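The sequence and structure come first.

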Amino acid sequence: MKKLFPLFIVLTFNLNVNAQQIKKVLADKIIAQVGDKIILRSDIMNAISDAKRQGTENQLPPNPECAFLEGQLIQKTLLLQAERDSLSVTEDEIDASLENQIRGFIREYGSKDILEEIAGKTVYQIKEDFRPLFKERNLADQMRKKILDNIKVTPNEVKAYFDKIPKDSLPYYESEIEVSQILIIPKSNKDVDEYVSRQLYEYKRQVESGQKKFEQLAKQFSDDQGTERQGGTLALNRNDKGMWDPTFLQATFRLKEGQISNVIKSKFGFHIIYMVSRAGDDAVVRHILKIPPVTETEIKLAQLKLDSIRLHILAHDMSFGEAINKYSDDENSKFNGGSIQGRDGSTYINIDQLDKDMVIAIKDLKAGEISQPQTYVDDRGRKLVRLVYLKTKTNPHRENLKEDYNKIAQRALDEKKQAKLESWFKEHIPNFYIAIDKEFGGCARLADWWQYASKN
């Protein structure tokens, strides 16, 4: 069981249900049971197929049927214990999870109608099909958290964990850095804004008069590189307030099907929105985004502002973090302190994870220094100005406690949690009725489960 737990955490608690799983599996049978909770062959085969569709086929363990079955046995056991411990999940929590999942499906497939066509069911039916799965997953997750919530590691435990690693097995790290930025988005002037607004009203007139189709104009003129190839198509929900600009969201849900909005201004630029379809709080729209170009005058003003901020930081009138909170136009700054994060969410990154302009900005900096104001173009084509702070920089090195304590501590904590789970399961498996189909008799990783299944 020991080698399964990292896999179980990924495959069970971070389950990413694919819309294809909605389709009914015709050939099925019960292959295992924990208490009154059954496990179907389709549960296992669907999970494996989903992993392959997500491009993780090369990461599947040997004998994936055995591994995924153990994951299901573990989840059912946690679910039963959660019920015994009277843990609960509200219908509102389940509904919220279902709404998020359905919105994800709609974004993936383009519209609610396409999703329903692929599934052969209405959105309501899809939600009801998934409701038991989401309730089970939530309860099992709560039980796991209850088991592990109070697990901590002390510095002595971290050192003991590190000392038992063979020195020739310690990882080698390339140079890593921690970088933060204060970002200023130069504002376009009034004349440019009015020119862009007139352009969009002209597009609106052409569509309403039948001269052009909205999606054709979006493909030709929209500055939204993420949607221009799809004719500006977006699937959104009225309750996704953290995902969308509030002005854009409000304007969308004032529209009727087939209607085009007036020009609106969001934090991204100017838009017109065409309502394709709407069902309650869900909507599919097309939009055209125009980003007003900024002149050298606005860029120069932003540079002067950042230069002044830099001088205040160097004079210790404020810290870089305080300046981020007060002046940065980067919305993520309030959550991550302006840090540039890697794909794994860590603030420690390799230099090749930075954009080429930032590499230039920090090239001559030492740890603790701040760059001069830098102008660059982001992936949306906007001209921005920033200050870059090189917080730390490590040299290439073999892993050690001084430079890599946080990484080592996290691994030590994961190992301690894994040991706790193993101990908990060895103690609790005998308390449950276990049944496993004999076709899985060759699964070595199910040995602990077979020990008690054979007694039933």
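## A strand residue and its surroundings

D282 is found in strand β8. The model is a predicted one. With a relative accessibility of 14%, D282 falls below the 20% limit and therefore counts as buried. Its side chain makes a polar contact of 2.8 Å with the side chain of N237. Leaving out residues up to four places away in sequence, D282 touches E99, R103, L236, N237, F253 and S277.

The rest of strand β8 is covered as well: nine of its nine residues are buried. On one side these are D282, V284, R286, I288 and K290, and on the other A283, V285, H287 and L289.

## The sheet around β8

Strand β8 belongs to an open sheet of four strands, ordered β5-β8-β7-β6, with antiparallel pairing. The edge positions are taken by β5 (233-237) and β6 (264-265); each has a single partner strand, so one side of each has no neighbour in the sheet. Helix α8 (residues 190-208) packs on this sheet and touches β6, β7 and β8. The direction of helix α8 makes about 35° with that of β7.

Strand β7 (residues 270-279) and strand β8 (residues 282-290) run antiparallel and are joined by nine bridges. The hairpin of β7 and β8 has two residues between the strands, and G280 takes a positive phi near 65° there. On the other pairing, β5 and β8 are antiparallel over five bridges. Some of the residues facing β8 are listed below.

| Residue | Counterpart in β8 |
|---|---|
| S277 | V284, standing opposite |
| R278 | A283, bridge partner |
| L234 | V285, bridge partner |

## Aromatic pairs

How many aromatic pairs does the count come to? It comes to six. One of these pairs is F214 with Y274, which is stacked, at 5.6 Å centre to centre and 25° between the planes. The pair links distant parts of the chain, since F214 lies in helix α9 (residues 214-221) and Y274 in strand β7, 60 residues apart. F214, at 2% relative accessibility, counts as buried, whereas Y274, at 23%, counts as partly exposed. Elsewhere, ring pairs link W424, F425 and W449 into a cluster.

In soluble globular proteins, nonpolar side chains tend to be buried together. In this model the largest nonpolar core has 52 residues, and L69, L73 and W449 have the most contacts inside it. Helix α3 (residues 64-84) supplies the largest share of this core, ten residues. Another core lies apart from it and has 15 residues, including V294, I309, F320 and I324.

## The protein as a whole

The secondary structure comes to 16 helices and 14 strands. The C-alpha trace spans about 80 × 60 × 40 Å along its principal axes. Of the 456 residues in the protein, 44% are buried. Among contacts between residues at least 6 apart in sequence, 67% join residues at least 24 apart.

Terms used: Residues numbered from 1 in each chain as written. Predicted model: local features only at pLDDT ≥ 70, side-chain atom pairs only at ≥ 80, totals over all residues. Heavy atoms only, no water. Core = buried A, V, L, I, M, F, W, Y, C linked by side-chain atoms within 4.5 Å. Buried < 20%, exposed > 50% of the residue type's maximum accessible area, 1.4 Å probe, protein only. Pairing = 2+ DSSP bridges. Contact = heavy atoms within 4.5 Å. Axes fitted to C-alpha atoms, helices over the stretch in contact; angles between N-to-C directions. Polar contact = N/O pair within 3.5 Å; in protein donor to acceptor, adjacent residues only side chain to side chain. Phe/Tyr/Trp six-rings, centres within 6.5 Å; stacked < 30°, edge-to-face > 60°.
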